[in-house]
Amino acid sequence: VWLLDEALKQLEEVRAEQKALSSDEFARLPAYARHRREAQFIQLQRTTRSQMNLAYASIQMIGYMSQGHRQPFLSSELVNRVAEMINYYINKLNGPRVSSLKVKDPKKFGFRPKALLRELIRIFLNFAQDPAFLKAVASDARSYDPQVFKNAASNLERCDIVNDAEQQRFHVVLGRLETLAQEMKREEDALGDVPSKYLDPLMATVMCDPVMLPQSKVVVDRAVIKRHLLNSTTDPFNRSVLHIEDLVEMPKLRSEILAFVESRKKIAAAKAKVIPEDSKD
């Protein structure tokens, strides 16, 4: 869906250019300079409309596939990327920078924000049936913002973008997301300081399934390196050729990490059960 990202960037250019063309400074330019600038703007309008239409068609295709063929999108290699993508665009259309997309005559540029948000919300609801997707959404520190999702819920209702049943489902999922995010925060706090050998060096997260890269000898989380290999069949630390079957299992380290996580959870649970002295009568 890079097409949508490019189209939205061009829409921001359109907004800036519309503002420039209506300025006093533009009016003072020589006639030939104004005509050249206007011709460039017409070209920008065409390319933006073309990009936006192609992007919308791509989003519609993903929406159609998400209805009955979710698993390819929710594999361990892709689920985080898909969650980040949907988070990013929901944020883009409902977040603090949404005003950067407001242009005069949006239909001229193929921009249909309500239709686009409708497709994204329906894709989100289809994928939200999978717990791994919700966890990936809540884990996305860059774009997941409960307030932005509340803004989206308000916009869905105010502009009648989706039907009542979909609005209700969205509200339910938002509640589950907030609860999940709070649980994940408590789990993260419970871990405290984590030994560096238990952390993935690329994402700085606790590894679930550590594997060694045969050439660089660096240990990474399997899910992280699998996502990297979707883009490049190289070791990210020395650029040597790397394939999924080359990864070296680290069962002993995996057991160590599991034991560490479980011990920290038990300590946190025990502390939570202790009643503070001040609360006793």
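Reply: Glu178 and Lys150 form a salt bridge, with 3.8 Å between the closest N and O atoms; the term means a side-chain nitrogen of Lys or Arg within 4 Å of a carboxyl oxygen of Asp or Glu. Because Glu178 belongs to helix α8 and Lys150 to helix α7, the pair ties together parts that are 28 residues apart in sequence. Helices here are DSSP runs (H or I, at least four residues), strands likewise (E, at least two), numbered from the N terminus. Glu178 is partly exposed at a relative accessible area of 25%, and Lys150 is partly exposed at 41%. Buried means under 20% relative accessible area, exposed over 50%, and partly exposed in between (1.4 Å probe, protein chains only).

This is a predicted model, in which local features need pLDDT of at least 70 and side-chain atom pairs count only at pLDDT 80 or more, while totals for chains, interfaces and linings use all residues. Residues are numbered from 1 along each chain as its sequence is written, and side-chain values use heavy atoms, leaving out hydrogens and water.

Helix α8 (residues 164–191) also holds Glu166, which pairs with Arg122 of helix α5 (residues 113–127), 44 residues apart. Glu166 is buried, at 12% relative accessibility, whereas Arg122 is partly exposed, at 30%.

Another pair is Lys108 with Asp105, at 3.7 Å from N to O. Lys108 has a relative accessible area of 43% and is partly exposed; Asp105 is partly exposed too, at 46%.

The whole structure has 12 salt bridges. Some join into a network, which links Asp209, Arg222, Glu249 and Arg254. Of these, Arg222 is among the buried residues of α9. Seven of the 10 residues of helix α9 (residues 222–231) are buried, so the helix is largely enclosed by the rest of the structure. The cover over its buried residues includes α4, β1 (210–212), β2 (219–221) and β3 (248–249), on the basis of contact, meaning heavy atoms within 4.5 Å.

A contrasting case is Asp140, in the loop between α6 (131–139) and α7. Asp140 is buried but has no salt bridge, and Arg142, the nearest side chain of opposite charge, is 4.8 Å away. For charge, Lys and Arg count as positive and Asp and Glu as negative, with His and the chain ends not counted. Leaving aside residues up to four places away in sequence, Asp140 touches Ala83, Glu84 and Asn87.
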